[in-house]
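Here's a quick briefing to read with the model open beside you.

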Amino acid sequence: MIEKIKAARSFFLIISLLALLGVSCGNDPTPPKTRDVSRHPDTFTFFEVGKNSILSRDLRKELSNALGDEAVEQRTVIDLEINYKGFLKTHFPDIEKLNQELNFPPGERVEHRTIKLMYRYAQKKNVPFDYVEIIFSEFTQGPLLIRVRFKKDDSNTVEALKEKYGPPKTIQWNHESAASLYWRKNSDLLILSIIPDRFGNPTYQIAIYFTQELEELLKAERIEKEKTRKERTASGKTAF
């Protein structure tokens with residue numbers, strides 16, 4: 001009898017501990033780490049956000065400390081096009097193919113399972129960027145696309161990129177008054193475009209495409225849609 005009582009007490013103790021752990025995890029606002037980051041080789045980074053990064057409360061706090069207040073959007077459209085319509089088709093057909101898949105069917109607003117962080121007040125933090133946008137996947141919590149715009153290169157960002165990633169390849173466009181420098185690394189792509197404004201002064205745009213993560217997003221969304229379709233079909237069959 002004594003052994004049975006001890007066994008029962010041990011059982012209830014284990015159940016209580018599991019319940020406490022469940023409550024603790026449920027109250028943690030940090031998203032779960034759903035990615036095996038060890039399988040991703042490093043490529044490009046922006047404020048240490050790269051393909052091995054995971055969106056979390058701590059990461060958002062670090063970005064806000066560096067770039068100022070954030071604005072957040074969920075379930076967003078992803079348009080990979082830059083500079084002018086047709087630029088990707090002409091110079092980067094692999095990225096254009098991804099863009100078509102992300103925006104199919106054409107002409108419709110196609111929203112994706114994403115979290116977009118936007119920073120418009122980085123200059124208040126003495127950071128020389130007018131606009132920063134980072135889009136993460138809801139499925140993996142990893143980054144998909146980073147965009148940065150700035151009007152003056154007071155911090156020598158162009159030279160810093162050349163020093164960090166090596167000599168870029170160059171594309172001259174718009175009657176050679178504009179240029180795009182680009183780097184490829186482990187299937188990812190960084191493009192820095194230098195575009196004259198109406199007064200002839202250079203303005204700058206950076207786009208970083210994490211292509212593997214974009215492909216994983218498309219794959220996850222296809223699986224989700226197929227699952228939803230099957231569930232609807234099954235519920236329709238059992239309705240009568």
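Ser 187 is partly exposed, with a relative accessible area of 43% (buried means under 20%, exposed over 50%, partly exposed in between, using a 1.4 Å probe and protein chains only). Ser 187 sits in the loop between β6 and β7, and its phi is positive, about 75°, even though Ser 187 is not a glycine. Keep in mind that this is a predicted model, where local features need pLDDT of at least 70, side-chain atom pairs count only at pLDDT 80 or more, and totals for chains, interfaces and linings use all residues. Residues are numbered from 1 along each chain as its sequence is written, and side-chain values use heavy atoms, with hydrogens and water left out.

- Strands β6 (residues 178-185) and β7 (residues 188-196) run antiparallel and are joined by seven bridges; for two strands to count as paired, DSSP has to find at least two bridges between them.
- Looking across that pairing, Ala 179 has Ile 194 of β7 as its bridge partner, and Ser 180 has Ser 193.
- How much of β7 is buried? Seven of its nine residues are, so β7 is largely enclosed by the rest of the structure.
- On to the next neighbour: β7 pairs with β8 in the antiparallel sense over eight bridges, with Leu 192 opposite Ile 206 in β8.
- β7 and β8 also make a hairpin, this one with five residues between them, and Gly 200 in the turn has a positive phi of about 90°.

**Other backbone spots to check**

- Most residues other than glycine have a negative phi, and most peptide bonds are trans.
- His 175 has a positive phi near 55° and is not a glycine.
- You'll find His 175 in the loop between β5 and β6, where it counts as exposed at 81% relative accessibility.
- The peptide bond joining Phe 104 and Pro 105 is cis, with omega about 0°.
- Pro 105 belongs to the loop between α4 and β2.

**The whole chain**

- The protein chain has six helices and eight strands; helices (H or I, at least four residues) and strands (E, at least two) are DSSP runs, numbered from the N terminus.
- Along the sequence, the pattern reads α-α-β-α-α-β-β-β-α-β-β-β-β-α.
- Of the 240 residues in the protein chain, 39% are buried.
- The accessible surface comes to about 15000 Å², and 54% of it belongs to carbon and sulfur atoms (Shrake-Rupley method with a 1.4 Å probe).
- Among contacts with a separation of 6 or more, 57% are between residues 24 or more positions apart (a contact is heavy atoms within 4.5 Å).

**The sheet**

- Eight strands form an open sheet in the order β1-β2-β3-β4-β8-β7-β6-β5, with antiparallel pairing.
- Its edge strands are β1 and β5 (169-173), each of which pairs on one side only.
- From one strand to the next, the twist averages 15° (axes are lines fitted to C-alpha atoms, for helices over the stretch in contact, and angles run from 0 to 180 degrees between N-to-C directions).
- Strand β2 (residues 112-119) is mostly covered, with eight of its eight residues buried.
- In a regular strand the side chains alternate between the two faces of the sheet.
- In β2, His 112, Thr 114, Lys 116 and Met 118 point one way, Arg 113, Ile 115, Leu 117 and Tyr 119 point the other way, and all are buried.
- β2 is joined to β1 (residues 70-76) by six bridges, running antiparallel, and Val 72 stands opposite Leu 117.
- β2 also pairs with β3 (residues 131-137) in the antiparallel sense over six bridges, and there Tyr 119 stands opposite Val 132.

**The helices**

- Helix α2 (residues 57-67) lies across β1, β2 and β3, at about 30° to β2.
- Helix α5 (residues 157-165) lies across β4 (143-150), β6, β7 and β8 (202-209), at about 30° to β6.
- Which residues of helix α4 (residues 93-102) are buried? They are Ile 95, Glu 96, Leu 98, Asn 99 and Leu 102.
- These cover an arc of only 160° around the axis, which puts them on the same side of α4 (the arc is that of the directions from the helix axis to the C-beta atoms).
- On the other side of α4, Pro 93 and Lys 97 are exposed.
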